[in-house]
Amino acid sequence: QSLIPEDAVWHFPGRHGQLAGAHRGRASIFAFLLKVQALTDHTFHLDLIDVVANDDRAIAIFRGHGTRNGRMLDNPTCLHIVFKDGRIAEFWEFVWDLYSVDDFWA
């Protein structure tokens, strides 16, 4: 069994960025993650700062970095992961500067 079940959802903020919205299902989540790399010519990476977790949820704090169309991304991010029955149910991604992140992925 996969840690990410078929009905998991990854919520990414924004209104017009190519990644914005709810990515529903394991295949959609993996396609979303692959698109992050494709849109940045595989330059996207993150620096993990901290993780706090219990049986119900985890919070990961990181900085996302990448380049795209001559622009650079350096964004503090909080990823809220919700567990259900010991497996991931939802990811909620919160970014520090929503407008610049939305523009970066547009």
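In this predicted model, leucine 19 touches Phe12, Phe32, Lys35, Val36, Leu39 and Trp105, leaving aside residues up to four places away in sequence. Leucine 19 is also among the residues with the most contacts inside the largest nonpolar core.

**The nonpolar core**

- The largest nonpolar core has 22 residues, and those with the most contacts inside it are Trp10, Phe12, Leu19, Leu79, Phe91 and Trp105.
- At least two residues of this core come from each of strand E1 (9-12), helix H1 (26-39), strand E4 (57-68), strand E5 (71-84), strand E6 (87-95) and helix H2 (98-105).
- Helix H1 gives the most to this core, with 4 residues.

**The salt bridges**

- The count of salt bridges comes to 2.
- In one of them, arginine 26 pairs with glutamate 6, and the closest N and O atoms are 3.6 Å apart.
- Because arginine 26 lies in helix H1 and glutamate 6 in the segment before E1, this pair ties together parts that are 20 residues apart in sequence.
- In another, the side chains of arginine 63 and aspartate 74 meet at 2.9 Å, N to O, and this pair links distant parts of the chain, with arginine 63 in strand E4 and aspartate 74 in strand E5, 11 residues apart.

**Exposure of the paired residues**

- Arginine 26 counts as partly exposed at 25% relative accessibility, and glutamate 6 is partly exposed with a relative accessible area of 48%.
- Arginine 63 counts as partly exposed at 30% relative accessibility, while aspartate 74 counts as partly exposed at 44%.

Technical notes
Residues numbered from 1 in each chain as written. Predicted model: local features only at pLDDT ≥ 70, side-chain atom pairs only at ≥ 80, totals over all residues. Heavy atoms only, no water. Core = buried A, V, L, I, M, F, W, Y, C linked by side-chain atoms within 4.5 Å. Buried < 20%, exposed > 50% of the residue type's maximum accessible area, 1.4 Å probe, protein only. Contact = heavy atoms within 4.5 Å. Salt bridge = Lys/Arg side-chain N within 4 Å of Asp/Glu carboxyl O.
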